[in-house]
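Have the sequence and the coordinates open as you read.

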Amino acid sequence: MKLRHAKTRILLGSVVALAIASSATGQSTTKIWTSDVVADRQRLMKLNGASWADAQAKLKAGNAEGVAVNAETMALIATQILPLFPEGSLTDKSKAKPEIWQKWPEFESSVKNYAMQAEKLRDAARTKDLAATEVVAKEFGRQACGTCHTPFRVPPPQQQAPAPSQPPATR
Amino acid sequence: MELRHLRTGVILGSLVALAAVGCATSTMTTLGSGDPVADRQRLMKNNGANWADIQNKVKAGNVEGVAVNAEAIALHAQRITSLFPEGSLTAKSKAKPDIWHKWPEFQASAKNLENRAGTLRDQALAKDAAAVQTTVATFGRDACGTCHTPFRVPPQQPAQPRS
């Protein structure tokens, strides 16, 4: 009987230790920016959009190599997307569709795909081959952004155009 | 006796649940390859490349274009401390052990980078060329240097920004 209690106690003790260890790991790395995940992920995705716009402007100017920094920025911040979509984080301001949580594995793989496409763009840019970089860039909107935005984001009222490099002439 | 066993079972069950939740959270927050030295070197390389891009743009008179790079540095800066877990010193790392001896100072210097990059971003968004140039002129010392000087082993020769 005593042995049995001792065994239970050892088991309990190790489970407690595991619980503490795992929640500690969870907490120390979960801390992300502000307490508002919707604002955080919108800020992150704005930087993605701005990096993509910068990459396009560079390509237009014939600067393939300069695209690498933007593509690597996108690849790096792609690794932060998933933790910014905790279950139930849907507010009026969010454009996320509930499908994200209903089809989490698909959401995960589309984020993974985005990171891979950004790395592909980066590697093409590093070769300084303008034509090769343009080939990847041409498909990027559909292959990288679209595979996630189409199923998982409420479309914006009108398609966002990349920021014009020159203000429209008004006279 | 049976009640007691039942209670133990309930406690055990809830602890197992807690452990499971904890593990699930930590998998969700995995940020990189599992190798913090490689991860932070990759992050800092991209910070350096964004900084080089900033300098090129300022030289070309493209002040507004600096904003995207400054924002990238500001967001990356928020990840720095989490990429320096205690004891993550390898032969490949240029980190000094002082990082962990003076952790609050290290945290403050990462925060300083975030703030300086945020300032630069805001000046660029405002298209304030004079302010951008002033910030850029001191960024190496006031943003990079406040952390690299005390906490990084100096490189053999200073890395040159790519043209």
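Which residues of the largest nonpolar core touch the most other members? Of its 62 residues, they are A:Ala71, A:Ala118, A:Leu121, B:Val66, B:Ala70, B:Ile73 and B:Ala117. A nonpolar core here is a set of buried Ala, Val, Leu, Ile, Met, Phe, Trp, Tyr and Cys residues joined through C-beta atoms within 7 Å. The elements giving two or more residues to this core are helix 2, helix 3, helix 5 (104–126) and helix 6 of chain A, along with helix 2, helix 3, helix 5 and helix 6 of chain B. In soluble globular proteins, nonpolar side chains tend to be buried together.

Before going further, a word on the ground rules. This is a predicted model, in which local features need pLDDT of at least 70 and side-chain atom pairs count only at pLDDT 80 or more, while totals for chains, interfaces and linings use all residues. Residues are numbered from 1 along each chain as its sequence is written, and chains are lettered from A and ligands numbered from 1 in the order in which they are written.

Now to chain B, which has six helices and zero strands (helices are DSSP runs of H or I with at least four residues, strands runs of E with at least two, numbered from the N terminus). Of its 163 residues, 29% are buried, meaning that 20 or more other C-beta atoms lie within 10 Å of the residue's own, with C-beta atoms placed from the backbone; 12 or fewer make a residue exposed, and anything in between partly exposed.

For contrast, turn to A:Lys138 in helix 6 (residues 130–152) of chain A. This lysine is exposed, because 11 other C-beta atoms lie within 10 Å.

Finally, consider confidence: chain A averages a pLDDT of 83, and 73% of the residues score at least 70, on the predictor's scale from 0 to 100 for each residue. Over residues 167–171 of chain A, pLDDT stays under 50 and the model has zero contacts beyond four places in sequence.

Note on methods:
Contact = placed C-beta atoms within 7 Å.
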